[in-house]
Amino acid sequence: MTITPWDQDVIDVVVRYRADVKAIGFGTEPDFDVEFRHTDDRVTVRGVEGSSSGVYFFRAMNEYEYTYTIKAPSYVILDLHGDDGDLELSGWRADIECRVDDGDVKFSDVVNGNTEIWIEDGDIRLAELSGDLVVRGDDGDVAITNSTLTHALFALEDGDIRISDSEGNFEATVDDGDVTLSRVTTSVVDVRGEDGSVDLDITSDADIHVNVTTDDGDVTIRLGRELSFQYLVTMDDGRVDIDLDGETETESGEHRISGRVGTGGGLVRVSTADGSVELTTGE
């Protein structure tokens, strides 16, 4: 599915269906239809797969595919559902809700209030996105670049999250995957993982609040030199390296290291069961 904005107050939908069928004997005839409905302020486009039984000379389906090409005003709210296929969208200015079972999602230049994506098996690529973002998935990677997000929530079972050259507040829960924030401006980061590394390269224009909890994974946090915060690192079995400019207080105990940089009200908290922790001041 490809969706593009245009300046007409009309929704234009083109559906192309292709089936390759060849066999001899009994079988089903491939059938595909598209339902269109317009109720109040909602337009529904639904593809329906079906079949009819019979005796056919060449009628067994080997493969098929169908594509949607949609043009609509960018102020139209999108509610997208699909089983198997990729989705590409650019230049949108309204809320988006997207549910895809098996396929990749690619959004760019999306300026709106809310974007929600549910995906079972596929990768997500987002660029130049703004507003609130929710991403939930089973198996797939998420990559975000050059975006300004008010709040971003991620809940993944198996997949990596990589965010670069962006700003916003981020909350991520990942069972098996890495979380990487590169050149990100933020005041709130909350990462909870089981098996995967966490690498944060962040700065902030305000007090920073970072919380990282992981069972088995290394944690690296690089913070801007201008930041002022307290930090607390707890671990069961792992190495801890602290190298912070302007550090004024340090306390060490069994499975615990804490300290302060400056006099601000920020807080950096890291808890890991089995993994190394590196907390440094960035370049």
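My question is about Arg183: does Arg183 count as buried or exposed, and at what relative accessibility? Please start from there and take your time.

Author: Happy to! Please keep in mind that this is a predicted model. Arg183 counts as exposed, because its relative accessibility is 51% and the exposed class begins over 50%. The place of Arg183 is in strand E15, which covers residues 179-185. Its backbone deserves a glance too: Arg183 is not a glycine, yet its phi is positive, at about 55 degrees.

Asp201 lies in strand E17, made of residues 198-203. Asp201 counts as partly exposed because its relative accessibility is 24%, and the buried class stops under 20%.

Next comes Ser204, which lies in the loop between E17 and strand E18 (209-216). Ser204 is buried, because its relative accessible area is 5% and the cut-off for buried is under 20%. Its side chain has two backbone partners to look at. One is the backbone oxygen of Thr186, which the Ser204 side chain reaches at 3.0 Å. Another is the backbone oxygen of Ala206, 2.9 Å from a polar atom of the Ser204 side chain. With neighbours within four places in sequence left aside, Ser204 is in contact with Thr185, Thr186, Ser187, Glu226 and Leu227.

The largest nonpolar core has 61 residues, and Phe154 and Ile221 are the members that touch the most others in it. Ile221 is in contact with Leu200, Val210, Val212, Val268, Val270, Glu278, Leu279 and Thr280, again leaving aside neighbours within four places in sequence.

Val268 gives us a link to Gln230. Beyond its neighbours within four places in sequence, Gln230 is in contact with Val268, as well as with Gly259, Arg260, Gly266 and Leu267. Gln230 is found in strand E20, which runs over residues 229-237. Because its relative accessible area is 36%, Gln230 is partly exposed. For one of its contacts there is a distance as well: Gln230 and Gly259 are 29 residues apart in sequence, and 5.8 Å apart from C-alpha to C-alpha.

Ser276 is the next stop, in the loop between strand E24 (266-274) and strand E25 (277-281). Ser276 counts as buried because its relative accessibility is 16%, with the limit for that class set at under 20%. Not counting residues up to four places away in sequence, Ser276 touches Gly217, Asp218, Val219 and Arg239.

Glu128 is not a glycine, and it has a positive phi of about 55 degrees, as Arg183 does. Glu128 is found in strand E10, residues 124-139. Glu128 counts as partly exposed because its relative accessibility is 47%, whereas the exposed class needs over 50%.

Two further sites are worth a visit. His38 lies in strand E3, residues 25-39, and it is exposed, with a relative accessible area of 63%. A polar atom of the His38 side chain lies 3.2 Å from the backbone oxygen of Asp40. Elsewhere, Arg99 lies over the face of Trp118, at 4.1 Å from the ring centre. As for pairs of aromatic rings, the count comes to 0.

Finally, here is the setting for all these sites. The protein chain has 25 strands and 0 helices. Buried residues make up 37% of its 283 residues. Among contacts in the protein chain with a separation of 6 or more, 33% join residues 24 or more positions apart. The chain exposes about 14,900 Å², and carbon and sulfur atoms supply 42% of that area.

Notes:
Residues are numbered from 1 along each chain as its sequence is written. This is a predicted model: local features need pLDDT of at least 70, side-chain atom pairs count only at pLDDT 80 or more; totals for chains, interfaces and linings use all residues. Side-chain values use heavy atoms; hydrogens and water are left out. Helices (H or I, at least four residues) and strands (E, at least two) are DSSP runs, numbered from the N terminus. Buried means under 20% relative accessible area, exposed over 50%, partly exposed in between (1.4 Å probe, protein chains only). Contact means heavy atoms within 4.5 Å. Rings of Phe, Tyr and Trp (its six-membered ring) pair if their centres lie within 6.5 Å; planes under 30 degrees apart count as stacked, over 60 as edge-to-face and the rest as tilted. A charge sits over a ring if NZ of Lys or CZ of Arg is within 6 Å of the ring centre and within 35 degrees of the ring normal. A polar contact is a pair of N or O atoms within 3.5 Å; within protein, one must be able to donate a hydrogen and the other to accept it, and residues adjacent in sequence count only if both atoms are side-chain atoms. A nonpolar core is a set of buried Ala, Val, Leu, Ile, Met, Phe, Trp, Tyr and Cys residues joined through side-chain atoms within 4.5 Å. Accessible areas come from the Shrake-Rupley method with a 1.4 Å probe; for residues, only the protein chains shown count as cover.
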